[in-house]
Amino acid sequence: MAHLRIGSRGSQLALWQANHISMLLRRQGHTSSIEIIKTTGDKITDVALAKVGTKGMFTKEIEEALAEGRVDLAVHSLKDLPTELPPGFALAAIPEREDARDALVSVKHSRIDELPEGARVGTSSLRRQAQLQAAGRRLELIALRGNVDTRLRKLQAGEFEAIILAAAGLARLGFTDAIREYISPERMCPAAGQGALAIETRADDVPTVKAVQFLDHPATRAAVECERAALNTLGGGCQVPIGAYAVPVREGLLLHAVVVSPDGQQIVREQSSGPNPEELGIAVGQALLAHGAGPILKAVQGRDTDLPQQP
């Protein structure tokens with residue numbers, strides 16, 4: 001059995017995830033240690049994520065530690081991981097997914113529909129903001145960053161009427177009691193890979209790849225690979241207003257994906273099913289582009305690069 005060094009961000013949620021994987025590795029007879037690595041996204045805390053625009057902002061420095069041999073594996077929130085890994089790295093395992101939905105947390109209100117006009121709603125996600133706008137609610141949407149407990153404290157202090165977070169993060173940290181509404185994927189399509197973890201290794205580190213393979217959950221991998229294929233086809237990253245969510249059906253997977261302008265005025269939805277995860281994701285991504293998603297994403301990104309031509 002091996003001693004495995006785990007690279008992780010230092011946030012409360014990231015450390016819970018790293019410790020969770022560490023525990024599972026120990027149950028297999030391995031020993032492990034965790035090295036905390038500060039990423040670009042951790043250093044830039046006073047700017048909305050959508051305005052930073054750096055792919056790999058929560059993963060680049062951890063990958064550098066992997067490449068240098070300072071750690072053997074990295075534990076990421078999968079939605080933070082760019083859809084194309086740099087050469088030399090492997091997505092060695094994707095554990096079983098937690099709840100992929102977004103969640104409403106509020107002191108006074110039980111549902112989004114109960115929020116009064118002009119209510120202050122906090123979220124770090126342009127995807128969530130855009131879908132709230134598309135619902136036609138007149139809400140004051142405010143960028144909210146920080147650890148989960150920091151965001152909850154700001155809510156309790158009355159800075160917001162409600163905040164929206166990933167249900168998975170709340171569940172992992174033991175805050176499910178704070179959830180007032182689980183928002184259906186039909187109403188707020190989750191980010192690609194939301195609720196799933198990614199175990200990244202060096203591609204040529206065969207012993208570590210073998211050591212973590214027991215963590216891989218094939219059904220979760222199929223779903224998130226489908227979602228990520230759609231996201232990659234759209235040229236998007238984790239900070240753009242794209243939702244993609246795949247679920248098992250008789251014929252394989254059913255993928256629902258959405259692209260929304262930040263003001264909610266333009267929304268493009270596509271849904272399809274098929275047996276091959278990657279082919280399905282690419283097809284749905286291409287359909288979104290064919291029906292007007294490209295100009296929305298170009299306007300958000302402010303440039304024409306990173307976006308494929310419409311078919």
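This is a predicted model: local features need pLDDT of at least 70, side-chain atom pairs count only at pLDDT 80 or more; totals for chains, interfaces and linings use all residues.
**Overall picture**

- The protein's secondary structure comes to eleven helices and 13 strands; helices (H or I, at least four residues) and strands (E, at least two) are DSSP runs, numbered from the N terminus.
- For 311 residues, a compact globule would have a radius of gyration near 19 Å, and the protein agrees, with 19 Å. That radius is taken over C-alpha atoms, and the globule rule is 2.2 Å times the number of residues to the power 0.38.
- The C-alpha trace spans about 60 × 50 × 40 Å along its principal axes.
- Buried residues account for 52% of the 311, where buried means under 20% relative accessible area, exposed means over 50%, and partly exposed lies in between (1.4 Å probe, protein chains only).
- Take the contacts with a separation of 6 or more: 68% of them come from residues 24 or more positions apart. Contact here means heavy atoms within 4.5 Å.
- The accessible surface is about 13800 Å², and 48% of that belongs to carbon and sulfur atoms. Areas come from the Shrake-Rupley method with a 1.4 Å probe; for residues, only the protein chains shown count as cover.

- Five strands make an open sheet, in the order β2-β1-β3-β10-β4, with mixed pairing. Two strands pair if DSSP finds at least two bridges between them.
- β2 and β4 are the edge strands, each pairing on one side only.
- From one strand to the next, the twist averages 35°. Axes are lines fitted to C-alpha atoms, for helices over the stretch in contact, and angles run from 0 to 180 degrees between N-to-C directions.
- β1 and β3 run parallel and are joined by two bridges, with Gly7 opposite Ala74 in β3.
- α1 (residues 12–27) has 16 residues and reaches 23 Å from first C-alpha to last, close to the 22 Å expected at 1.5 Å a residue; the expected span is 1.5 Å times one less than the number of residues.
- α1 lies across β1, β2, β3 and β10, and runs at about 165° to β1.
- Buried residues in α1 include Leu13, Ala14, Ile21 and Leu25. Their cover includes β1 (3–8), β2 (31–36), β3 (73–77), α7 (167–172), β10 (197–202) and α8 (206–212).
- After α1 comes Gly29, with a positive phi near 100°.

**The sheet with β5**

- Another five strands form an open sheet, ordered β7-β6-β8-β5-β9, and the pairing is mixed here too.
- Its edge strands are β7 (140–143) and β9 (179–183), each of which pairs on one side only.
- The twist averages 30° from one strand to the next.
- α5 (residues 126–134) lies across β5 (102–105), β6, β7 and β8, running at about 180° to β7.
- α6 (residues 148–156) lies across β5 and β8, at about 165° to β8.

- Arg101 sits in the loop between β4 (89–93) and β5, and is partly exposed, with a relative accessible area of 28%.
- Leaving aside neighbours within four places in sequence, Arg101 is in contact with Ala166, Ala167, Tyr182, Ile183, Pro185, Pro190 and Gln194.
- Arg101 and Glu159 are 58 residues apart in sequence and 24 Å apart in space, C-alpha to C-alpha.

Notes. Residues are numbered from 1 along each chain as its sequence is written. Side-chain values use heavy atoms; hydrogens and water are left out.
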